[in-house]
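Work through the exercises below with the model open beside you, and try each task before reading its solution.

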Amino acid sequence: MAFNYQSILVPVDGSVQAELALKKAVTVAQQHHAHIDLLNVLRINHYGFYASGSMPGDVIHELTSDAVGYLQSLVETTGAATGFHDIAPHVRFGNPKTVIATEFIKDHHNDLIMLGATGLSAVARMVEGSVTAYVSRMATVDVFVVRTDMARQPINMHQVTAENQEQPKL
């Protein structure tokens, strides 16, 4: 049985696990001659409430600029390290669960989602539930959850948690 993935979605949130998923996605994309959509989903309502009920435009602009810069740095470093350049960065607003599982893949016709087993915030997982678990259950395409490093060794969650604390928060 042969699978021929053409368009891979890799959601990233600044976590070590998400960036590891990108590295593994590049390997899969090279094997299948596939395109990668690199996605960062911004949840505006997570950044506090303002008296007007909405977030000022300059704050949204700054968040978006930071996300675009982060994605662009991933595209550049990935290309330099691997020679793979068929990566398109995207920023979306909304709930990461639904954007990743349904909305984005409908718009971009992705046939595989590759994402880290966990993201940045253990507190958010406890309160809202895991994005990865939701996407695994609800996506209508194949989902590859990255749980090992590039040497196929289980990820040391204590080490990764410490590394995630040092990562910039998006």
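**Exercise 1: a helix pair**

The crossing of α3 and α5 is right-handed, meaning that the near helix is turned clockwise from the far one by less than a right angle. This is a predicted model, in which local features need pLDDT of at least 70 and side-chain atom pairs count only at pLDDT 80 or more, while totals for chains, interfaces and linings use all residues. Residues are numbered from 1 along each chain as its sequence is written, and side-chain values use heavy atoms, with hydrogens and water left out.

Task: determine how helix α3 packs with helix α5, and which residues make the contact.

Solution. Begin with the geometry: helix α3 (residues 96-108) and helix α5 (residues 131-138) pack at an angle of about 30°, and their axes are 9 Å apart. That makes α3 roughly parallel to α5, a term for angles under 35 degrees. Next, list the contact (heavy atoms within 4.5 Å): α3 contributes Pro96, Lys97, Thr98, Ile100 and Ala101, whereas α5 contributes Val131, Tyr134, Val135 and Met138.

**Exercise 2: one residue**

Task: decide whether Thr78 is buried or exposed, and name its contacts beyond neighbours within four places in sequence.

Solution. First locate Thr78, which is found in helix α2 (residues 57-82). Its relative accessible area of 11% makes Thr78 buried, since buried means under 20% and exposed over 50%, with a 1.4 Å probe and protein chains only. Finally, with neighbours within four places in sequence left aside, Thr78 is in contact with Leu22, Val26, Gly83, Phe84 and Ile87.

Key. Axes fitted to C-alpha atoms, helices over the stretch in contact; angles between N-to-C directions. Helix = DSSP H or I, 4+ residues; strand = E, 2+ residues; numbered from the N terminus. Parallel < 35°, antiparallel > 145°, perpendicular 65-115°, else oblique.
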